[in-house]
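Have the viewer ready and follow along.

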Amino acid sequence: KAAEPRSDSSGPRRGSFCDRHCAIINNVQGDLSDLGCHLHCPRVPPAMCSPSCCQQHLDEVCESCMVKTTLTAENAVEAHKLSNNYKFGFKKWKSHVTARPWEDRSEIVKELYSDLNVIRSSGGSTMTCGNVLYLLLFGWWLSLLYVLLAAVMLITIVGAPYGQLCWDLAGYFLWPFGKVIQKAEVPKSRRALGACEASAEAHGAGETSPLLGGPMLHRWHPRCWADTKHWQRAGTVVWLCLGYPVLVLAHGLVCVTAWLLIVLIPVAKLSTRTITSVLLQPPEQVLIRRLKMTEVPLEGEVILCCYHAVNLYYYKYAVDGINVFAVNLLPLVLVTLVLGYVDSHNHLTSSSVKFTLALLSIMPLSYYIGMAIASISAQSNFAVGAVVNATFGSITELTFYITALIKGSREGNHCYAEIVKSALTGTLVGCVLFVPGLCMVIGGIRHQEQRFNSRSAGVSSALLFLSVGGVFAPTLFSKVYGKLVCGECHNITQNPLGHYLCHNCHFDLMDNNGTLYYSHVQPLVYTVSLLLPAAYLIGLFFTLKTHSHIYDIHISDCHMPGHHHSAVVHWSRWQALVILLLSTLCMSACADLATEHINPILTNSTISQYFIGVTVLAMVPELPEIVNGIQFALQNNLSLSIEIGNCIAVQVCMLQIPILVLFTIFYPTNFMLVFSDLHVYASMFSVVLMNYIFMDGKCDYFQGTVLVMVYFILLAVYFFAPSPSGC
């Protein structure tokens with residue numbers, strides 16, 4: 001979008017004239033994505049840039065527009081994050097590491113963080129499927145519980161007011177929608193309590209409200225009940241001993257269940273506010289009434305007002321910058337670690353269950369590691385961000401691979417090395433075909449044609465060609481010079497000179513005491529493992545120094561008035577570092593459990609081990625990145641979606657595999673950089689097809705469908721392929 005001119009006398013905004021011309025080129029060439037091309041005059045300070053300057057450099061600017069990918073950031077911290085992601089080529093593409101201004105959010109998102117104390121002029125019909133679901137899951141038994149507690153409190157005599165309150169709340173929680181709970185007006189001598197509550201409300205407004213609901217009233221502070229004798233009543237004591245604990249347990253169960261279901265988070269907020277506010281009010285001050293569509297509400301503080309139990313947009317909800325799905329999966333990590341190390345003899349669960357839990361636990365841990373990496377690198381200079389990315393960028397995959405190789409070496413089982421090779425190939429093929437293909441399909445549903453920077457994609461494609469050629473060079477060398485050895489051969493024609501059918505054939509590299517391998521193949525492996533990281537560094541130097549104009553990332557000039565704010569990060573550097581270390585430690589434990597319990601699956605399953613490696617072990621850790629790629633594609637920013645897959649694939653070949661080769665030098669394992677024919681053909685065909693699709697810098701859902709279908713065809717080949725010999 002072209003920048004709006006300022007209303008003051010400082011002249012037009014920087015680059016507005018150039019932006020209009022670049023926008024025209026952007027619409028014609030389609031090489032910049034819809035993030036816009038915000039360019040200013042080269043080598044001219046912002047204060048000195050004028051329309052005449054831009055006119056003077058128009059040809060140079062517009063020519064650079066055709067080859068640049070200009071990304072806009074909301075603040076300096078987000079610009080650092082985008083720079084590290086897009087230039088450095090690491091794959092942790094988290095959406096935001098800073099808190100977005102409240103006024104910049106959409107009304108849908110604002111509603112997610114709002115408290116249930118707002119009366120709408122027109123709330124719509126309350127007879128919805130989500131409200132009926134609440135009735136079936138929680139409403140009926142909550143109402144019954146309140147009826148029973150009402151009878152108990154009435155029997156105690158002194159708790160009769162609370163019995164009446166429970167009776168009224170029984171009808172409310174049976175169907176709370178379209179009803180309001182208000183606090184009756186108090187005399188002037190007792191308004192100190194109301195002032196304390198209002199202070200608490202003001203203190204907790206905005207997105208920083210408590211986890212499951214609105215701001216908690218500071219009722220436990222002595223100042224908040226110094227002017228009332230409510231807490232000294234005998235009925236209140238009986239209520240706090242008999243009724244309130246039972247309701248806390250019941251509403252706590254509702255709160256946890258609704259929170260885990262995500263779309264029912266409004267019910268969780270309803271229960272939390274009931275525990276912290278409604279049930280602690282004096283019973284004579286709680287008013288429950290039904291609102292009509294055109295009725296003006298009575299005066300008084302609104303405590304609860306809910307219209308709908310289900311909101312499908314709560315998948316966008318975040319707690320301290322952490323997506324709600326990642327928050328809900330944290331208990332899964334704890335359950336996995338407890339079951340894995342306490343029940344070591346499989347008395348409670350089987351190995352298959354533990355393996356599945358360990359694999360699923362890798363997903364939230366991968367999210368936390370990526371978020372911590374993005375937070376640290378965004379708040380640091382490029383050198384620190386590079387070190388952190390290089391150290392922890394592939395920690396998820398490398399942890400699993402190394403633990404699997406160690407276990408295979410201890411047991412003398414070479415099948416673990418084959419599983420690692422299958423996982424490496426599966427990650428490569430999946431990130432080259434499935435990730436960009438799926439993003440094209442989903443993005444193509446919303447956008448008829450999507451365009452991306454073919455120049456930057458060409459850099460990644462060249463690195464990918466180089467890396468694939470280097471990784472499979474030892475394999476091709478062994479095919480040429482290795483000796484073909486077969487396990488068993490049968491004469492089909494019963495003629496000594498006839499045809500023979502042989503099984504379990506492979507190229508033997510250990511002939512003559514391993515002369516071929518140790519004298520020729522192994523030195524080639526070490527050479528390739530040194531050249532690939534060197535090529536990666538040259539690629540970084542290309543994109544960061546000599547040809548940095550391909551990637552142009554800076555703070556956007558077209559901020560709205562609400563955008564002028566200081567960046568408030570979700571996690572500080574020290575907080576992110578602690579989370580990074582803890583997540584890495586838990587990741588190592590989950591990877592150890594996964595490799596510990598994978599053997600029964602490999603031996604008892606009828607599915608090919610190749611298929612298990614290229615699907616489950618390869619793609620499950622990459623699910624957070626796939627989700628990020630889909631989000632970018634829906635925003636018509638396909639360049640980032642493509643870069644996600646390319647960066648992961650380049651990392652596999654140029655960083656992860658050389659690190660595994662280096663590890664085998666210090667800790668001998670069964671891992672040899674010689675892949676099966678199926679891995680070689682699948683990887684090379686995938687890279688060639690991907691480069692052909694990305695040649696023209698534009699795509700649609702049909703091309704994405706082609707990539708996805710080819711990926712599924714390769715999966716079918718792996719599914720029906722026999723397992724590696726000896727496994």
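This is a predicted model: local features need pLDDT of at least 70, side-chain atom pairs count only at pLDDT 80 or more; totals for chains, interfaces and linings use all residues.

## Helices H9 and H10

Two packed helices are described by the angle between their axes and the distance between the axes. For helix H9 (residues 234–261) and helix H10 (residues 265–276), the axes come within 8 Å and cross at roughly 160°. That angle makes H9 roughly antiparallel to H10, and the crossing of H9 past H10 is left-handed.

On the H9 side, the contact is made by Tyr244, Val248, His251, Gly252, Val254, Cys255, Ala258 and Trp259. H10 contributes Ile265, Val267, Ala268, Ser271, Thr272, Thr274 and Ile275.

## Helix H7

Helix H7 (residues 160–174) has 15 residues, which at 1.5 Å a residue should span 21 Å; its end C-alpha atoms are 21 Å apart, in agreement.

Which residues of H7 are buried? They are Tyr162, Gly163, Leu165, Cys166, Leu169, Ala170, Tyr172 and Phe173. The buried residues of H7 pack against helix H6 (129–155), H9 and H10, and also against strands E2 (179–183), E3 (286–290) and E4 (301–306).

## Thr349 in its loop

Thr349 sits in the loop between helix H12 (330–342) and helix H13 (351–378). Is Thr349 buried or exposed? Its relative accessible area is 19%, so Thr349 counts as buried, the cut-off being under 20%. Leaving aside residues up to four places away in sequence, Thr349 touches Leu339, Asp343 and Lys354.

Key: Residues are numbered from 1 along each chain as its sequence is written. Side-chain values use heavy atoms; hydrogens and water are left out. Axes are lines fitted to C-alpha atoms, for helices over the stretch in contact, and angles run from 0 to 180 degrees between N-to-C directions. Helices (H or I, at least four residues) and strands (E, at least two) are DSSP runs, numbered from the N terminus. Angles under 35 degrees count as roughly parallel, over 145 as roughly antiparallel, 65 to 115 as roughly perpendicular and the rest as oblique. A crossing is left-handed if the near helix is turned anticlockwise from the far one by less than a right angle, and right-handed if clockwise. Contact means heavy atoms within 4.5 Å. The expected span of a helix is 1.5 Å times one less than its number of residues. Buried means under 20% relative accessible area, exposed over 50%, partly exposed in between (1.4 Å probe, protein chains only).
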